[in-house]
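Follow this account with the sequence and the model side by side.

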Amino acid sequence: MSPNDENTPDLTLVLPCRNEAAAVAACLDEARRFLAENGLRGELLVVDNGSVDGSGDIAAAQGARVVRESRPGYGMALRTGIAAASAGVILMGDCDTTYDFMQLGALYRPLADGRFDVMIGDRFAGGIERDAMPLSHKLGVAALSALARVRFRTDVHDFHCGLRGLTREAAQKLTLRSDGMEFATELIAAAAKAGLRIGQVPVRLRRCTLDRASKLRTIRDGFRHLRFIIKSS
């Protein structure tokens with residue numbers, strides 16, 4: 001589908017999803033409410049990353065476009081979603097209800113009107129609800145983001161925010177290879193290296209109240225980010 005086709009959506013929201021049966025319907029409902037209230041045509045693209053709890057089927061029943069990606073990893077799911085997206089503006093959001101998708105306009109508008117090529121949410125500026133992020137994670141994100149700012153010569157404050165976006169044109173300029181959580185760092189590093197315009201916007205992080213298992217492994221994922229920062233050329 002061509003970005004200039006009259007049937008092309010205004011934006012694609014890519015939701016990486018692995019065993020999120022408890023959350024996926026609520027995320028899709030909120031995303032649809034954002035689209036309706038802002039008069040936008042949106043493609044809701046769920047990347048089912050090897051779920052065994054029926055997440056993909058729930059998403060399909062809710063009217064989302066579902067792409068199956070059996071190769072594991074957060075980065076793999078997002079790379080697959082970006083490649084499959086139909087719109088000229090591609091937004092990404094974690095499928096766990098921790099991000100308020102009514103905030104998507106703050107990322108969409110600067111990309112749609114050409115002010116920026118990449119947009120990154122900043123949870124530290126937007127606020128983190130109590131118990132939404134453990135202290136170890138807060139300290140780790142702050143430290144790794146500080147290292148990455150120096151290493152990649154960019155002023156991005158929150159390298160690990162799961163609410164972000166880019167234009168299709170920007171995506172086509174980037175070669176992204178990471179499969180795991182370090183994809184979040186790689187995308188920003190690649191964009192900075194390519195000289196793309198990176199914008200930041202405050203976003204609020206919510207505490208998930210659903211009965212779901214967290215996918216985050218603070219130490220393991222932190223070391224993946226650190227290794228990427230150190231070894232990146």
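Cys17 is buried, with a relative accessible area of 1%; buried means under 20% relative accessible area, exposed over 50% and partly exposed in between, with a 1.4 Å probe and protein chains only. This is a predicted model, in which local features need pLDDT of at least 70, side-chain atom pairs count only at pLDDT 80 or more, and totals for chains, interfaces and linings use all residues. Residues are numbered from 1 along each chain as its sequence is written, and side-chain values use heavy atoms, with hydrogens and water left out.

The structure holds zero disulfides, a disulfide being a pair of cysteine sulfur atoms within 2.5 Å. For Cys17, the nearest cysteine sulfur belongs to Cys95 and is 4.3 Å away, and Cys17 is in no disulfide. Cys208 is in no disulfide either; the nearest cysteine sulfur to it, that of Cys27, is 8.4 Å away. With 21% relative accessibility, Cys208 counts as partly exposed.

Helix 1 comes next. Helices (H or I, at least four residues) and strands (E, at least two) are DSSP runs, numbered from the N terminus. The expected span of a helix is 1.5 Å times one less than its number of residues. Helix 1 has 15 residues and should therefore span 21 Å at 1.5 Å a residue, which agrees with the 21 Å between its end C-alpha atoms.

Which residues of helix 1 are buried? They are Val24, Cys27, Leu28, Glu30, Ala31, Phe34 and Leu35. These residues cover an arc of only 165° around the axis, so they are on the same side of helix 1; the arc is that of the directions from the helix axis to the C-beta atoms. An α-helix has 3.6 residues a turn, so residues three or four places apart point the same way. Exposed Ala36 and Glu37 are carried on the face of helix 1 turned away from its buried side. The cover over the buried residues of helix 1 includes strand 1, strand 2, helix 2 (55-61) and helix 4 (104-112). After helix 1 comes Gly39, with a positive phi near 65°.

Strand 2 (residues 42-48) contains Leu45, which is buried with a relative accessible area of 0%. Contact means heavy atoms within 4.5 Å. Leaving aside neighbours within four places in sequence, Leu45 is in contact with Thr12, Leu13, Val14, Leu15, Arg65, Val67, Gly81, Ala84 and Ala85. Tyr108 is 63 residues from Leu45 in sequence, and the two C-alpha atoms are 16 Å apart in space.

The nonpolar cores can be taken together. A nonpolar core is a set of buried Ala, Val, Leu, Ile, Met, Phe, Trp, Tyr and Cys residues joined through side-chain atoms within 4.5 Å. In soluble globular proteins, nonpolar side chains tend to be buried together. The largest nonpolar core here has 33 residues, of which Val14, Ile82, Met92, Val118, Phe152, Leu166 and Ile198 touch the most other members. Elements that give two or more residues to this core include strand 2, helix 3 (74-84), strand 4 (89-92) and strand 5 (118-122). Helix 8 gives the largest share of this core, six residues. Another core, of 32 residues, lies apart from it and has Leu28, Ala31, Leu35 and Met133 among its members.

Phe152 is buried at a relative accessible area of 11%. Its contacts, leaving aside neighbours within four places in sequence, are Phe159, Thr185, Ala189, Ala192, Phe228, Ile229 and Ser232. Ser232 is in the segment after helix 9 (218-231) and counts as buried at 16% relative accessibility.

The structure holds one aromatic pair. Rings of Phe, Tyr and Trp (its six-membered ring) pair if their centres lie within 6.5 Å; planes under 30 degrees apart count as stacked, over 60 as edge-to-face and the rest as tilted. The ring centres of Phe152 and Phe228 are 6.1 Å apart and the planes are at 45°, so this pair is tilted. Because Phe152 lies in helix 6 and Phe228 in helix 9, the pair ties together parts that are 76 residues apart in sequence. Phe228 counts as buried, at 17% relative accessibility.

Two loop residues remain. Asn19, in the loop between strand 1 (11-17) and helix 1 (24-38), has a positive phi of about 55° although it is not a glycine. Asp131 also has a positive phi, near 70°, in a residue other than glycine, and its place is the loop between helix 5 (123-126) and helix 6 (135-152). Asn19 counts as partly exposed at 23% relative accessibility, whereas Asp131 counts as exposed at 61%.
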